[in-house]
Amino acid sequence: MKLSIISINRNNAEGLEKTIKSVIEQTFTDFEYIIIDGNSTDTSTEIIKKYESKIHYWVSEPDTGIYNAMNKGIKQATGEYCLFLNSGDNLCNNGILESCLEFLGIEAICYGDLIAKDIDGYKSLTYPDLLTAGYFWGCTLGHPGSFIKLELLQKAQGYDETIKISSDHDFFLRAICNFNASYKHIPIIVSEFQMEGISSKPENQQSIKQELLHSFKKNLPLYYEDYLKLHEINEDSLAMFYLKYRNNNILQFLLKIIRKLFTILKIQA
């Protein structure tokens, strides 16, 4: 089997049904569909039972968080690749898996682009072809558009459950920067996701920052100090302006004049 699609859910029956429909209506059918529900108290289990004939495995039981649920899904998966499409997310059209199929088979991670929806509307998220440690200093890949080989997830022992909000960032950092996992950018919009999750909430941004610091110190200890310095530069608007325009002829001319003025003032002093 080529693909395992895993959806996790807790008390989001409406979003879950939207996700299920986008999966079971695909023209490509060589996949297994796994749903991990966190003991929902709304009508989520009724929604799952409504589509049970199209679902290969599901469970509704307590969990300890998002990544505990995702790891449960990994343990049930048998496909070559896994795609995490959590409740509320949806594949962008009924033929998208068929379109992505030609890109799967060699690389350990094949990631496509996404559409994000928030209160201001829709915006596209296009990911780079080249991934570096520098890229992961401030960004990550979107799991609703990332096809990850099951053997890589198993090698990484799944997601670090001690990281409560940004363990997907930690996984991609470990996989690509530590394990040197092969990857490929799929130039296709794969999924649409709602920017309503735990990682999008303003009150969680400080916790996320601390998790990222922990992740870099754990995975790339030799670059940790560089990571901190980069953040200091990013927070310095003047430094960022210089780095952005340092090769601009006008800026270089002005800096040359300023240096001469300082030299003259120093001599006069």
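**Labels and their cut-offs**

Guide: D160 has a relative accessibility of 17% and therefore counts as buried, a label that means under 20% relative accessible area, with exposed meaning over 50% and partly exposed in between (1.4 Å probe, protein chains only). This is a predicted model, in which local features need pLDDT of at least 70 and side-chain atom pairs count only at pLDDT 80 or more, while totals for chains, interfaces and linings use all residues. Residues are numbered from 1 along each chain as its sequence is written, and side-chain values use heavy atoms, with hydrogens and water left out.

Visitor: Why is the contact of K218 and D160 called a salt bridge?

Guide: The term requires a side-chain nitrogen of Lys or Arg within 4 Å of a carboxyl oxygen of Asp or Glu. The side chains of K218 and D160 meet at 3.0 Å, N to O, and are therefore a salt bridge. K218 lies in helix α8 (residues 205-219) and D160 in the loop between α6 (150-155) and α7 (167-178), so the pair ties together parts that are 58 residues apart in sequence. Helices here are DSSP runs (H or I, at least four residues), as are strands (E, at least two), numbered from the N terminus.

Visitor: What makes K218 partly exposed?

Guide: Its relative accessible area is 36%, which falls between the limits of 20% and 50%, so K218 is partly exposed. Through salt bridges that share partners, D160, D170, R174 and K218 are joined into one network.

Visitor: How do you know that K2 and E80 form a salt bridge?

Guide: Their side chains come to 3.2 Å, N to O, and the limit is 4 Å, so the pair qualifies. K2 is in the segment before β1 (3-9) and E80 in the loop between α3 (66-76) and β4 (81-84), 78 residues apart. E80, at 29% relative accessibility, counts as partly exposed.

Visitor: Why is G79 called buried?

Guide: G79 has 3% relative accessibility, which is under 20%, and so counts as buried. G79 is placed in the loop between α3 and β4.

Visitor: What makes α3 largely enclosed by the rest of the structure?

Guide: Eight of the 11 residues of α3 are buried, so the helix is largely enclosed. Among these buried residues are Y67, M70 and I74, and what covers the buried residues of α3 includes β1, β4 and α6.

Key: Contact means heavy atoms within 4.5 Å.
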